[in-house]
Amino acid sequence: MSGISRRDVLRNLAVGAAGGSVLQMIPAQAAELAHELVQKEKAGAGGKYTAKYFSAHQYQTLLLLCDVIIPKDETSGGAVEAGAPEFIDLLASENEEYQSALGGGLMWLDSFCVDRYEHVFVECAAEQQKEVIDLIAFKKNAIVKPELSQGVAFFAKLRKMTCDGFYTSKIGIEDLKYIGNTALAEFPGCPKLRE
Amino acid sequence: MAQLVRSPKIYDVCVIGSGAGGGMAAKILTEGGLTVALLEAGGPVNPAKDYKMFVWPYEVPHRGVGVGGKAAENFGEFLAPNGAWKIEGEPYTSAPGANFQWFRSRIVGGRTNHWGRIALRFAPVDFRSKTRDGLGEDWPISYDDIAPYYDKVESYIGVFGTKENVASAPDGIFLPPPKPRCTELVIKKACDKLNVTCIPSRLAILTKPLNGRTACHYCAQCGRGCGTASNFSSSQVLIPPAYETGRLTLITNAMAREILIGPNGKATGVSYIDKATKTEKRVNARAVVVAASACESARLLLNSKSALFPNGLANSSGQVGRNLTDSVGSDGEGYFPALEKMPAHNHDGTGGMHMYIPWWKFDRKNDFPRGYHIEMGGGREMPSAGMFDDVCDEVEGYGVGLKATCRKRYGTTIGFAGRGEMIPNPDTYCEIDRDAVDQWGIPVLRFHFKWSEYELRQARDMQDTFKAIVEAAGGEYRTKTQIDGPYPFGIQAGGKIIHEVGTARMGADPRTSVLNGYCQAHEVKNLFVTDGAPLVTNPDKNPTLTIMALAWRASEFLLDEAKKGNVG
C-alpha cells in the first residue's frame with residue numbers, strides 16, 4: 001500500500017462518493033494486499049496448505065482428483081497449481097451442502113474403491129484409479145449401473161468446482177486468452193468478424 | 001423503545017430513501033434552496049473500500065463467489081454493495097402460491113449502485129395504453145409533460161445511444177455509443193435477416209466527459225461500482241451536488257417507521273428507527289418525499305395509520321399497495337460455433353450491452369398486449385465461476401480433453417434477456433401482514449402475485465424469438481423451457497427482474513389513484529412519492545430513467561409550491 005496511507009483511505013471515507021483518481025487506485029491495491037495475505041498464510045505453514053475442512057487424507061484425495069480433472073498440458077499448468085483445491089476446501093468449510101456433497105463424496109469414493117480393490121482411492125494403482133474415474137465421469141454409466149449414481153453426482157459437482165477454481169485463477173484466465181480488465185481510452189470494437 | 005429522541009429542528013423537506021428517486025429529489029430540492037433531511041435505511045457507501053473495480057477473481061480467496069459460494073444468488077461477490085433478496089431481521093411474507101421475490105437495498109444510493117444502467121424513455125403510447133387497448137389505466141400526464149424532464153435527466157447523468165425513430169423507444173439526448181462487440185455484430189446480422197430491429201443500446205454510461213465526470217474506461221465492470229464515477233449512480237452523481245449546497249443532512253441507518261400527521265391533515269415529519277441505537281427518532285419537516293422503493297413506500301404509507309387516515313396515509317382510494325407489477329422476464333442462451341474462430345481480443349466494453357432489440361412488433365397484431373425488448377450479453381468476458389457449467393454437463397469427462405473443450409467454447413455463448421410489460425391485475429398486490437413485524441417492530445409486507453395469460457404468452461414469444469435469432473445466426477439454441485410448471489416458458493418469479501412499480505399510482509381521479517400527476521398525494525398536499533410507486537404502467541423500458549424524470553418534475557413542483565407558501 002505504499003504511496004497511499006491509511007489516512008488517505010480514511011479521508012476518502014469522509015469525502016464519500018465524490019470520485020477522483022486516488023479512489024481509482026485503492027481497490028486494486030487493497031485486493032493485491034488481500035492476495036499477499038493469502039500467500040503469506042500459505043507460506044506460514046511451511047508452504048504446505050493445511051485444509052480448513054477436509055481431513056489430511058481427504059485433502060490428499062481431493063488434490064489427486066483436481067489434477068485428474070484439469071491436469072497440466074502443453075498450454076498451461078493444472079488445477080492444483082491454480083489453487084483449485086484450496087478454493088474448494090475454503091468453500092466447503094463454510095457451506096454445509098458442500099460438506100455433504102464433497103466430504104461425503106470422497107468417503108463414497110474410498111468405500112467404492114475398498115469394495116472393489118481393497119484399497120482407498122489414493123492407494124489404488126494408477127490404472128485402478130483411472131478405471132474408477134472413467135466410471136464416475138459420465139452420467140450414462142449410472143444408467144447402466146445405478147449403484148454408481150452417487151459417485152457420478154459427486155464427480156459432476158467436483159468437476160464444476162475444479163473448473164471454477166481453475167478458470168478463476170491467473171493460470172486459467174491466461175489459458176483462455178482473456179484480454180481485458182484494464183482501462184482503455186477507446187473501445188476498439190470487434191477486430192474482425194470471420195464468416 | 002427506551003426513549004423517544006426529538007429534534008427541535010424543522011427541515012423544509014424530509015426525503016425517505018437515497019436511490020434514483022430520493023437522490024434526485026434531494027438534489028433538486030437542495031439546489032432550489034430548501035433544507036433536506038435524507039433518511040437512508042442502510043449505511044454509507046465507500047467507493048474506495050466497497051467498489052471492486054479491476055479486481056481479478058484470484059485476488060480474493062473466494063474468487064468472486066463469496067463466503068460458502070453463496071454470493072452468487074445476490075449477483076456475486078464483486079458487485080457494488082447493493083442489497084439482497086433476503087435481509088436478516090427484515091422479513092416479508094407471501095400469500096400461498098404467490099412466490100414474489102423482493103430485492104431490497106440498504107445503502108446510500110440504493111440499487112443505483114449496481115443497476116444495469118439501461119436508461120430508456122417510455123413512449124407516448126405508454127401513457128395512453130388503456131386508450132389504445134382497454135387494459136389497465138391511462139396516466140394523468142402525457143409524454144409531452146415528461147419529455148422536458150427526460151431531456152434534463154439525460155443531459156445531466158449522461159446516456160449513450162443513437163437516434164433511430166423507433167415508435168416504441170423514443171430518442172433522447174445521447175452521447176455517442178461505443179462500437180459493437182463481435183457477439184453483437186453476429187446478432188445484428190441475424191436480426192437483419194429476420195427483420196427484427198437491433199440498435200445501439202441506451203445506457204447511463206459516459207462515452208465522453210460530462211459535468212465534471214470522466215469518460216468510461218471500458219472495463220465492463222459497471223456493476224461493481226465505478227471508481228471514476230463514469231456511470232450513473234445516485235451515490236456518486238446526485239448526492240454529492242446535494243451535499244455541496246450545504247443544505248443536505250444525510251441520516252444513514254435510519255429505518256422510516258411512520259409518517260407523522262398534524263391535526264390539519266398535513267405531514268409534519270417522519271418517525272424512524274435509528275438502527276445503531278435501536279431507538280426511535282423523529283425528523284420534523286414541512287413536507288415529506290417518500291422514495292423508499294415502490295413496495296417499501298407502500299408499506300410506510302400503509303403503516304402510517306391515524307384517526308384521520310385509518311386505512312393508511314393517503315389511502316382513501318384503497319389503491320396503496322395495489323397495481324403492483326414487475327417486468328415479465330424470460331432468458332435464453334445460444335451457442336455460436338462461428339465465434340470459436342474469433343482471435344483473442346479485448347471484448348470488455350462498457351458494463352452492459354452495446355446493442356439491444358427494442359420492441360419491434362409495435363404495429364403488429366400479437367397474441368398478447370403491449371411488448372418487450374431483448375437484452376444480450378456474453379462472448380469473451382472475464383472468466384468467472386460457473387462459466388463452464390454447461391460444458392461440464394454436456395461434455396463431461398475430465399483431463400486434457402475437458403480443458404481443450406473449455407478453451408474452444410470460451411466466448412461462444414450469447415445470452416438473451418426478454419423484458420416485457422405486465423398488466424396490473426387484481427391478484428397482484430402487497431398489504432400489511434397482520435401477524436408479523438420485523439426486528440425494528442415495524443409490521444411487514446405480505447405479497448400476492450399472479451402472472452396472467454398475457455404475460456405467459458409474452459414469455460413464449462420471447463423464447464420463440466431467441467431461438468429464431470440464434471438459428472438465423474447459425475447457432476444452437478440451448479435453453480429448454482416447460483410449457484407448464486411454476487415457470488412456464490421460462491417466466492421468472494415476480495420481483496426477480498427488480499422492476500416492481502405501481503403501488504401508489506398517480507391518476508386524475510382520487511377515487512382510483514393515490515397521487516396526482518406531480519406525484520403529490522391527492523389527500524395530503526405536502527406528501528410526495530418519487531420512486532417506482534407512482535408509475536401507472538410498467539412498459540418494457542426499465543423504470544429508472546422515468547423515476548428520475550418524474551422525481552425531478554415533482555421536486556420542481558414542490559419548490560414552486562413552497563415559494564407560494566402552499567407547503568407545511
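This briefing covers the overall build of a two-chain model, the contact between its chains, and selected local features. The model is predicted. Chain A has nine helices and zero strands, while chain B has eleven helices and 16 strands. The contact between the chains takes 60 residues from chain A and 69 residues from chain B.

**Chain A**

- Along the sequence, the elements of chain A run in the pattern α-α-α-α-α-α-α-α-α.
- Of the 195 residues in chain A, 34% are buried.
- Among contacts in chain A with a separation of 6 or more, 53% are between residues 24 or more positions apart.

**Chain B as a whole**

- The radius of gyration of chain B is 23 Å, close to the 24 Å given by the globule rule for 568 residues, so chain B is as compact as a globular protein of that length.
- Taken along the principal axes, the box filled by the C-alpha atoms of chain B is roughly 75 × 50 × 45 Å.
- Buried residues account for 60% of the 568 residues of chain B.
- Counting contacts in chain B between residues at least 6 apart in sequence, 74% join residues at least 24 apart.

**Contact between chains A and B**

- The contact is formed by 60 residues of chain A and 69 residues of chain B.
- On the chain A side, at least two residues each come from helix H1 (6–15), helix H2 (21–44), helix H3 (56–69), helix H4 (84–94), helix H8 (149–167) and helix H9 (170–175).
- H2(A) provides the largest share of this side, with ten residues.
- By class, the side of chain A that touches chain B holds 35 nonpolar, 14 polar and eleven charged residues.

**Domains of chain B**

- Chain B is divided into domain 1 (1–54 + 62–81 + 107–115 + 120–158 + 233–319 + 499–568) and domain 2 (160–231 + 328–420 + 452–490).
- The C-alpha centres of domain 1 of chain B and domain 2 of chain B are 31 Å apart.
- Where the domains meet, 32 residues of domain 1 of chain B are in contact with 31 residues of domain 2 of chain B.
- Helix H2 (47–50), helix H3 (129–133), helix H4 (143–157) and helix H6 (234–244) of chain B each supply at least two residues of the domain 1 side.
- H4(B) gives the most to the domain 1 side, with six residues.
- The class count for the side of domain 1 of chain B that touches domain 2 of chain B is 16 nonpolar, eight polar and eight charged residues.

- The axes of helix H5 (residues 182–194) of chain B and helix H10 (residues 453–472) of chain B come within 8 Å and cross at roughly 105°.
- H5(B) contributes Ile187(B), Ala190(B), Cys191(B), Lys193(B) and Leu194(B) to the contact, and H10(B) contributes Ala468(B), Ile469(B) and Ala472(B).
- The contact of H5(B) with H10(B) comprises seven nonpolar, no polar and one charged residues.
- Helix H7 (residues 294–303) of chain B has nine of its ten residues buried, so H7(B) is largely enclosed by the rest of the structure.
- The buried residues of H7(B) include the charged pair Glu296(B) and Arg299(B), and also Leu300(B), Leu301(B) and Leu302(B).

**Two arginines with positive phi**

- Arg117(B) is not a glycine, yet has a positive phi of about 60°.
- Arg117(B) sits in the loop between strand S3 (93–94) and H3 of chain B, and is buried, with 26 other C-beta atoms within 10 Å.
- Arg370(B), also not a glycine, has a positive phi of about 65°.
- Arg370(B) is in the loop between strand S10 (355–356) and strand S11 (372–378) of chain B, and counts as buried with 27 C-beta neighbours inside 10 Å.

**Surroundings of Ile261(B)**

- Ile261(B) lies in strand S6 (residues 254–261) of chain B.
- Ile261(B) has 22 C-beta neighbours inside 10 Å and counts as buried, because the cut-off for burial is 20 or more.
- Leaving out residues up to four places away in sequence, Ile261(B) touches Lys266(B), Ala267(B), Thr268(B), Ser306(B), Leu308(B), Phe309(B) and Leu313(B).
- One of these, Ser306(B), is 45 residues from Ile261(B) along the chain, with a C-alpha separation of 7.8 Å.

Definitions and conventions
Residues numbered from 1 in each chain as written. Chains lettered and ligands numbered in written order. Predicted model: local features only at pLDDT ≥ 70, side-chain atom pairs only at ≥ 80, totals over all residues. Contact = placed C-beta atoms within 7 Å. Helix = DSSP H or I, 4+ residues; strand = E, 2+ residues; numbered from the N terminus. Axes fitted to C-alpha atoms, helices over the stretch in contact; angles between N-to-C directions. Domains from an automatic or database assignment. Rg over C-alpha atoms; globule rule 2.2 N^0.38 Å. Buried ≥ 20, exposed ≤ 12 C-beta atoms within 10 Å, placed from the backbone.
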